[in-house]
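Morning, everyone. I have one structure to show you today. Please take a look at it on the screen.

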Amino acid sequence: MPLGKWFRTLCLPRIVLLIFAIYVSTSRAAGDGFPPISSEELRMKSEPAAPGASAIILYHQVDRDDDGRGTMHEDNYLRIKILTEEGRKHADVELQFAKSREEIVHINGRTIRPDGSVVNFDGKVFEKSLVKTKKIGYAAKTFTLPDVEVGGIIEYSYTVNFLGQYIYDSHWILSEELFTKRAQFSLKPYTSPYSSINLHWSWQGLPPGSEPRNGPDHIIRMETTNVPAFNEEDFMPPANELKSRVEFIYEDELPDSSPEKYWQRVGKQRYALLEKFIGKRKAMEKLISPSDTQEIKLQKIYNRVQGIRNKSYEISKTEQEDKRDKEKVD
């Protein structure tokens, strides 16, 4: 038999089978890591606890690992039910992060149509700059999940890696733009045989029975259900300060014996940091004189402060606009 005919007869079927096996393996891998979809989730038309909602979060999971034996990271997973045409906008996902200390990796996602068929995310992710200064930059990873229909479900997962040899305080934010039906959180705290690091946590606005608990494996966990959607309003305080949340703070000092002693120590530390930040201790001496009355001192200080330009209340400018206007970026 000629060599070419032998190759086509024996090798081509094997190549076809190999390509098919690779395709099946890749297709399965694209959906790996996602919990199975229940028939109740697919049949859901509305949520009684969130009447009129365009979409709801069926499940939200956050697992953070601060253990010092590897890269500190946080795994995130969301499953969202689309209830109305307006809810389809949640297929456009934007994940914000601080470029100086974080990176977002391992983005994966898929769409489940109302009939249960699956469309895997093709992995095309874009990055856009949000804020950029000399000291810090904020950016966002953006992507769009495909073929989203009313009655369908979208889900995606990603990992946030924390860069550098630092220990970062963290928080669990329960309140989201959408109603959350169920959520689970965990934190594996930082440990080191070479230093004594203490972890403190506090919370606000948690649903009853949702307090975080430290398990026998020293992992802090929390599960919650039926968290209302958070609606932002004009001129409100920073949104995260009003949301249901848990705050985790690392400290390298021994715990204080009472709240009073803790706040006395923190007050001294904050005062020292503020004085260092100001850096011009004699500036006030040039502004006022010892012979001034208290009222004159207050008036001079008031007039000086009124002349300070507070840029935090102005419309933000891009880096190009600052350069054009020849303004210094702090």
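Predicted model: local features only at pLDDT ≥ 70, side-chain atom pairs only at ≥ 80, totals over all residues.

Three strands make it up, in the order β9-β14-β11. The sheet is open, and the pairing is antiparallel. Which strands sit at the edges? They are β9, residues 170-173, and β11, residues 198-204. Each of these pairs on one side only. From one strand to the next, the twist averages 15 degrees.

Now look at β9 and its partner. β14 covers residues 245-251. Four bridges join β9 to β14, and the two run antiparallel. To find your place, pick out Trp172: opposite it, in β14, stands Val246.

On to the pocket. The largest pocket has a volume of about 1,800 Å³. How many residues line it? The count is 44. Nearest the centre of the pocket lie Glu94, Gln96, Tyr158, Glu176 and Asn240.

Which elements give two or more residues to that lining? They are β1 (55-65), β2 (73-82), β3 (92-98), β4 (102-112), β8 (153-162), β9 and α3 (239-242). The most comes from β3, with seven residues. Note β9 in that list.

Last, the make-up of the lining. It divides into 25 nonpolar, 12 charged and seven polar residues.

That's my tour. Over to you.

Note on methods. Residues numbered from 1 in each chain as written. Heavy atoms only, no water. Pairing = 2+ DSSP bridges. Axes fitted to C-alpha atoms, helices over the stretch in contact; angles between N-to-C directions. 1 Å grid on protein atoms, 1.4 Å probe; cavity = no way out; pocket = protein on both sides within 12 Å on 5 of 7 lines; lining within 4 Å. Points joined across faces, edges and corners; volume = space filled by probe spheres on them. Nonpolar A, V, L, I, M, F, W, Y, C, P; charged D, E, K, R; others polar.
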